[in-house]
Amino acid sequence: MRAIVCQTPGGPEALSLRDIPTPEPGPGEVRVRVEAAGVNPIDWKTRSGLGAAKSFGGKPFVVGWDVAGVVDALGPDTDLDERGFAVGDPVLGMARFPSPDGAYAEYVTAPAGHFRARPADLSVVEAAALPLAGMTAWQSLVDVGHLEAGQRVLIHAAAGGVGHLAVQIAKALGAHVIGTASGAKHDLLRELGCDQVVDYRTERFEEVVEPVDLVYDLVGGETAVRSFDLVKPSGMLICLPTVAVGAAVAAAEERGVRASGAYVRAGGPGLSELLRLHADGKLRIRVAETFPLERAADAHRLGEQGHTTGKIVLTV
Ligand SMILES: NC(=O)c1ccc[n+]([C@@H]2O[C@H](COP(=O)([O-])OP(=O)(O)OC[C@H]3O[C@@H](n4cnc5c(N)ncnc54)[C@H](OP(=O)(O)O)[C@@H]3O)[C@@H](O)[C@H]2O)c1
């Protein structure tokens, strides 16, 4: 099969299109013929030797985890009876995160539980954009942040891949949602459900936002630290960029603010709930740009600029 392989960690040029053996599904696994693969910051962090690459032992690997495609084959002992899909059906999922042998390829294998049936009203490109970012947002807000109706949440980078889904999840939970982004994205943030929008380039959010129950920080560094004064005594801050979590949590402890990281879990909760929100018309997935598989390096170049609105997706 054709796949995008990272031979040695480095810049986008480390990615090359190669012919490699088609993977065979193991026990309990399915093989999916990939139609689209979502692009996430963890993909380029891993490509550059950070992120998940630290556990890959320096071996070449196929990049990516987000996938939408069609179930192509079953491994031994794979029982799809209760899965809601069968061989030949369209599915989406976050495949074997954070292990290597990923989704930027014509085929990917992963435990059947990492996939859900793809509803007909979700395009294959939208479906590939949803799992990792959506499950991250769901697991952070619901399982870590315990966000409830009537609470106030401040979401930093609210127009990005995780942020634009987090805004809609928070709104569906009944929260009062405040989002930060540059001014050109404010109309979108309001459409997604933000009750208040802040231009982080021209305003100091700590001067215009009233105290909140939860800060969902998708930026890290100074943005996390400047958010501490906004957290109510009973509230908390969740910091997402892994490299920023340690410093943010330590600084928060010094000030008596509750803070935590959050790490998306494959096979964890969220994907079914997100599909339900989509079916109810409460979740839309915004795709900024698509690239054909062979232009994965260009997709990384764009994403790494850090100003994507919604998601970038590769078509296979
Ligand atoms: N721990 C985990 O399990 C996990 C899972 C998923 C993601 N993450 C991490 O979470 C972070 C966000 O991921 P993502 O996929 O949402 O990234 P993304 O889509 O690349 O985020 C891009 C967005 O960030 C906004 N932005 C940049 N600087 C900002 C600032 N100072 N204030 C407010 N907004 C700003 C941009 O808006 P403008 O164009 O307006 O600047 C843009 O819309 C990444 O570091 C990622 O690695 C962690």
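Predicted model: local features only at pLDDT ≥ 70, side-chain atom pairs only at ≥ 80, totals over all residues.
The ligand turns up in the largest pocket. Seen at the level of domains, the shell draws on both domain 1 (2–130 + 285–315) and domain 2 (133–260), so the ligand lies between them.

As for who is in that shell, 26 residues surround the ligand, and the closest are Lys45, Ser182, Lys185, Tyr200 and Thr308. Sorted by class, the shell comes out as 14 nonpolar, 9 polar and 3 charged residues.

Some polar contacts can be picked out one by one. Tyrosine 200, already listed among the closest residues, has a side-chain N or O atom 2.4 Å from an oxygen atom of the ligand. Histidine 307 also brings in its side chain, with a polar atom 2.8 Å from a ligand oxygen. As for cover, the ligand on its own would expose 940 Å², and the protein buries 87% of that.

Most peptide bonds are trans, and most residues other than glycine have a negative phi. Phenylalanine 97 and proline 98, however, are joined by a cis peptide bond, with omega at about 0°. Proline 98 belongs to the loop between β6 (90–94) and β7 (107–111). Aspartate 77 is the other case, a non-glycine residue with a positive phi, near 65°. This aspartate is in the loop that runs between β5 (66–74) and β6.

Methods:
Residues numbered from 1 in each chain as written. Heavy atoms only, no water. Near = heavy atom within 4 Å. Polar contact = N/O pair within 3.5 Å; in protein donor to acceptor, adjacent residues only side chain to side chain. Areas by Shrake-Rupley, 256 points an atom, 1.4 Å probe, with all protein chains shown as cover. 1 Å grid on protein atoms, 1.4 Å probe; cavity = no way out; pocket = protein on both sides within 12 Å on 5 of 7 lines; lining within 4 Å. Sits in = over half its atoms within 2 Å of the grid points. Nonpolar A, V, L, I, M, F, W, Y, C, P; charged D, E, K, R; others polar. Domains from an automatic or database assignment. Helix = DSSP H or I, 4+ residues; strand = E, 2+ residues; numbered from the N terminus.
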